[in-house]
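The sequence and structure come first, and the text follows.

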Amino acid sequence: MTRTDTSARGGRLRRLLPESPAQRVLTFATFANSFGGGMFTTAGALYFTRVVGLPAGQVAAGLFGGAMTGLVAGVLVGRLADQWGPKRVHVTVMLCGGVAISCFTLVGSFWSFFAVSLVSGMIIPADVASKAPLIRGVADGNPTVFIGYLRSVTNLALALGSVAAGFAIQIDSRPAYLALVVCRALAYVSCGLILLRLPRIAAAAAGKEERGWAALRDRTYLSATFAHAVLSLNYAVSGFLLPLWIVAHTSAPRWVVSAVLVLNMAFVVLLQVRVSRGVHDVRTAGQRMAWAGAAFAAGLTLMALADGPSRWVATGLLMAGMAVFALGELWYAAASTEYCFGLAPAHLQGQYAGVFGLGSGAVEAVAPAVMSLLPLGMGLPGWLVLGALLLFVGLGSRPLVAWAGRTWPTA
């Protein structure tokens, strides 16, 4: 390879990265953390059942307990990030994540697993809440577009991490699964070490008087949080509902499970930045939420109709349904980012982000039960009820936020 070819490739790589050095650092840190997350998410349940020897019900109970503790952790850590500085707090969260995940290599019973799950369950909400003011500090005044870019990077890293986990699943041995857990812990630590290269970002709330929890009194923000939380049910469709629906209720080949997930990730990686560019205020965010609700309802209807037809018709309906549904995800993610950042005071971004994540975290905890009760339990009527709910909340998001803003003052 000539020096010219090397320079040309290096130039193309640089064009794919943000121009800001701080944004590049955060991009590399996000990629490292998400790659480890992709490995652990793909094979974690298999490690707990096949290596630790826990029944699936006990694994679910432990993860649910961790999710509940995480709801509180996100709000508290977000406030700490405002007061102490987001870089310091976020690096600490990443290092604590490495320690917490590594403790899974030591569990041998349900109670030890449950104890570690309570601690590790705090990491992801704390990660999101402490990262929000960090993003705002390096986003050059346009967090929606930068978060769209980070979401593309995250999905690419998750996909690559899932591929790496596939090798361990194929080997299906205790050392292979333990290696995945260790790699997840190292990904957290690597993320924290990369973030040390960020310039110091001052604590936004330093020297500012703020009584109590302003985010919990800001009814405009709470209305946006409610709409975002209900629509976050969409994440359980691709991650929980579809694999079960395809295998148990349709005649589509099993490889379609992977195909629809790859299609979903491809939409995010290729289109999220472009979609996010049009969202620049609360009005456009409300408009995109309405579009998202309509796309969710249409995509769910197409996927529901896959129960009954021949395998190739079912495959076509599932793929078409996921394509429409993925557009809804793109609009939803862009609008959610604008709500999270655009409605929050700059000096309280961590606290507000923690409250924003509180709603979606609570919905995430009950989402499997909702999916089991409606689409999986009721069939086509359940799919239509779920689609109608997402359509109603999507269309009502903009007037709800506007009404709350006219009725009560924001923080």
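The second largest pocket of this predicted model holds about 600 Å³ of space. Its lining has 21 residues, and those closest to the centre are Leu16, Leu17, Pro18, Tyr149 and Val153. Helix 1, helix 2, helix 7 (143–171) and helix 11 each give two or more residues to this lining. Helix 7 supplies the largest share, six residues. By residue class, the lining of the second largest pocket has 15 nonpolar, four polar and two charged members.

A pocket is an open set of points on a 1 Å grid over the protein atoms alone, with protein on both sides within 12 Å along at least five of seven lines; a cavity is a set where a 1.4 Å probe fits but cannot get out, and lining residues have an atom within 4 Å of a point. Grid points are joined across faces, edges and corners, and the volume is the space filled by probe spheres set on them. Ala, Val, Leu, Ile, Met, Phe, Trp, Tyr, Cys and Pro count as nonpolar, Asp, Glu, Lys and Arg as charged, and the others, Gly among them, as polar. Helices (H or I, at least four residues) and strands (E, at least two) are DSSP runs numbered from the N terminus.

Residues are numbered from 1 along each chain as its sequence is written. Local features need pLDDT of at least 70 and side-chain atom pairs count only at pLDDT 80 or more, while totals for chains, interfaces and linings use all residues; side-chain values use heavy atoms, leaving out hydrogens and water.

**Confidence**

The chain has a mean pLDDT (the predictor's confidence in each residue, from 0 to 100) of 87, and 92% of its residues reach 70 or more. Confidence is lowest in helix 1 (residues 3–16), at a mean of 54, and highest in helix 12 (residues 282–304), at 96. Helix 1 is also among the elements that line the second largest pocket.

**The cavity**

How many cavities of 30 Å³ or more are there? The count comes to one. The largest cavity has a volume of about 30 Å³, and its lining consists of Met39, Phe40, Ala43, Gly44, Tyr47, Tyr177, Leu180 and Val181. Helix 2 (21–51) and helix 8 (174–195) each give two or more residues to this lining, with helix 2 giving the most, five residues. Seven of the lining residues are nonpolar, one is polar and none is charged.

Tyr47, one of the lining residues of the largest cavity, is found in helix 2. Leaving aside neighbours within four places in sequence, Tyr47 is in contact (heavy atoms within 4.5 Å) with Val52, Phe104, Thr105, Tyr177, Leu178 and Val181. Among these partners, Tyr177 and Val181 also line the largest cavity.

**Selected residues**

The table gives relative accessible areas, where buried means under 20%, exposed over 50% and partly exposed in between (1.4 Å probe, protein chains only).

| Residue | Relative accessible area | Class |
|---|---|---|
| Ser276 | 1% | buried |
| Tyr47 | 2% | buried |
| Met303 | 0% | buried |
| Val75 | 10% | buried |
| Thr92 | 41% | partly exposed |
| Asp172 | 32% | partly exposed |

Ser276 is found in helix 11 (residues 255–276). Beyond its neighbours within four places in sequence, Ser276 is in contact with Thr144, Val145, Gly148 and Ala334.

Met303 lies in helix 12. With the same exclusion of neighbours within four places, the contacts of Met303 are Val237, Leu242, Trp245, Leu317, Leu318, Gly321, Met322, Phe325 and Trp383. Met303 and Ala320 are 17 residues apart in sequence and 8.0 Å apart in space, C-alpha to C-alpha.

Val75 lies in helix 3 (residues 56–84). Outside four places in sequence, Val75 is in contact with Trp213, Gly354, Val355 and Leu358. The C-alpha atoms of Val75 and Thr92, 17 residues apart along the chain, are separated by 16 Å.

Thr92 lies in helix 4 (residues 86–102). A polar atom of the Thr92 side chain lies 2.8 Å from the backbone oxygen of Arg88.

Asp172 lies in the loop between helix 7 and helix 8. Its phi is near 55 degrees, a positive value in a residue other than glycine. Most residues other than glycine have a negative phi.

How values were computed
A polar contact is a pair of N or O atoms within 3.5 Å; within protein, one must be able to donate a hydrogen and the other to accept it, and residues adjacent in sequence count only if both atoms are side-chain atoms.
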